[in-house]
Amino acid sequence: MNKSQTLDKAKRSLEAEDIVIILVIIFGFLLSMAIFIFHWPIPPIMSAVLLGTALSALVYRFLGGIQANTSFTIGALKLSGTMAALIGCIYFINSALEKQTRMELTTLFDPPLPQWFSLEKSSGQPIEVRVGTLGTIPLPLESEIRSNYYRIRKMENQFLLFPKTQKDLPVGTLDQESLKQTLAELKLGSVVQHFIVTDRLAPATLNVELDPLPFKLTTQTYSQDYSRFTLFTPEGQRAYVGSIYRKQAEIIRIEDAFYLVAVVEVNHQNNNGGPYAKFALGEIMTQFDN
């Protein structure tokens with residue numbers, strides 16, 4: 001083999017090596033970018049290997065090469081030369097990617113992750129959720145959910161639990177035995193606060209103010225010794241419809257509060273100014289009230 005043939009062979013070999021290195025660089029950069037852009041569920045270490053290999057190949061071939069005395073140490077393991085550069089790139093890129101993906105997890109959802117937690121459908125039990133390789137949505141703290149406020153609504157033979165601000169989507173069902181036990185433990189106190197006595201009210205008297213109680217009273221028809229009435233919220237929503245026989249009283253529950261409603265004076269005859277009823281209302285304090 002003459003000298004020119006030897007040079008041609010070396011040139012062809014060098015060109016083949018360059019092609020391999022260029023392909024490694026392109027493949028490493030493009031695939032690692034695709035993983036980031038399309039959020040493929042691949043561990044950060046895989047992106048770090050691709051990107052680290054591409055960077056090492058770029059430096060090795062086109063940016064001055066890698067010195068033989070280059071070293072990288074992890075614990076008792078010490079590497080040198082090209083291997084040190086490769087492992088070093090992978091190590092630092094992987095550390096950076098892990099930090100970035102952990103930061104993304106807190107802003108990945110709308111509403112933001114700190115505002116909510118996950119429940120198992122079948123039991124309503126809070127659960128941890130692993131989000132691909134990005135991290136874990138942790139269990140809520142007891143202090144964060146203890147103060148959650150729920151309402152109870154009876155529908156057919158079930159007692160459904162609803163969040164305070166949600167009236168259409170129940171979050172669970174209350175066991176009837178637990179409900180009976182709770183009601184048995186609930187004791188009404190002897191203190192009635194905000195006790196209000198109205199004037200003599202004729203039938204169909206509208207929107208009588210009961211301040212500081214959060215209601216307005218409207219009387220209905222008086223007949224058969226019953227004084228009928230309706231309580232409305234300040235927004236005009238119907239809160240309670242009832243009737244009281246002669247000068248009796250009843251205890252009613254509206255949401256989570258108990259109220260005493262009584263008729264303290266009554267005359268349903270058309271003499272002496274016509275039929276009237278005088279109502280007395282007050283909130284009854286329970287053992288759970290401060």
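A salt bridge is a side-chain nitrogen of Lys or Arg within 4 Å of a carboxyl oxygen of Asp or Glu. In this predicted model, glutamate 209 and lysine 216 form such a pair, with their closest N and O atoms 3.4 Å apart. Glutamate 209 is exposed, with a relative accessible area of 51%, while lysine 216 is partly exposed at 24%.

**The chain as a whole**

The chain has 290 residues, and 27% of them count as buried. Its secondary structure comes to five helices and 17 strands. The accessible surface is about 20000 Å², and carbon and sulfur atoms account for 57% of that area. Among contacts with a separation of 6 or more, 37% are between residues 24 or more positions apart.

**Salt bridges**

How many salt bridges does the rule give? The count comes to four.

Salt bridges that share partners join Arg200, Glu265 and Lys278 into one network.

Arginine 200 lies in the loop between strand 10 and strand 11, and glutamate 265 lies in strand 16, so the pair ties together parts that are 65 residues apart in sequence. Glutamate 265 is partly exposed, with a relative accessible area of 21%. The cut-off for buried is under 20%, so a value of 21% counts as partly exposed.

**The nonpolar core**

Which residues have the most contacts inside the largest nonpolar core? They are Leu210, Leu217, Leu231, Phe279 and Leu281, in a core of 20 residues. Strand 12, strand 13, strand 15 (249-254), strand 16 (257-267) and strand 17 (276-286) each supply at least two residues of this core. The largest share, four residues, comes from strand 16.

Leucine 217 shows what such contacts look like. Leaving aside neighbours within four places in sequence, leucine 217 touches a list of residues that includes Leu210, Leu231, Phe279 and Leu281. Leu201, Thr205 and Asn207 are also among its contacts.

**Backbone details**

Asparagine 207, one of the contacts of leucine 217, has a positive phi of about 50° although it is not a glycine. Asparagine 207 lies in the loop between strand 10 (188-197) and strand 11, and is partly exposed, with a relative accessible area of 46%.

Aspartate 225 also has a positive phi without being a glycine, with a value near 70°. This residue sits in the loop between strand 12 and strand 13 (226-232). Aspartate 225 is partly exposed, at 30% relative accessible area.

The peptide bond from aspartate 211 to proline 212 is cis, with omega near 15°. Proline 212 lies in the loop between strand 11 (208-209) and strand 12 (216-223).

**A nonpolar surface patch**

Ile22, Ile26, Leu30, Met33, Phe36, Ile37, Phe38 and Trp40 form a nonpolar patch on the surface. Together they have about 840 Å² of accessible area. Methionine 33, one of these residues, is found in helix 1 (residues 3-38). Its relative accessibility is 46%, and methionine 33 counts as partly exposed.

Technical notes:
Residues are numbered from 1 along each chain as its sequence is written. This is a predicted model: local features need pLDDT of at least 70, side-chain atom pairs count only at pLDDT 80 or more; totals for chains, interfaces and linings use all residues. Side-chain values use heavy atoms; hydrogens and water are left out. Buried means under 20% relative accessible area, exposed over 50%, partly exposed in between (1.4 Å probe, protein chains only). Contact means heavy atoms within 4.5 Å. Accessible areas come from the Shrake-Rupley method with a 1.4 Å probe; for residues, only the protein chains shown count as cover. Patches are made of residues with over 30% relative accessible area and no salt bridge: like charges are joined within 9 Å, nonpolar side chains (Val, Leu, Ile, Met, Phe, Trp, Tyr) within 5 Å. A nonpolar core is a set of buried Ala, Val, Leu, Ile, Met, Phe, Trp, Tyr and Cys residues joined through side-chain atoms within 4.5 Å.
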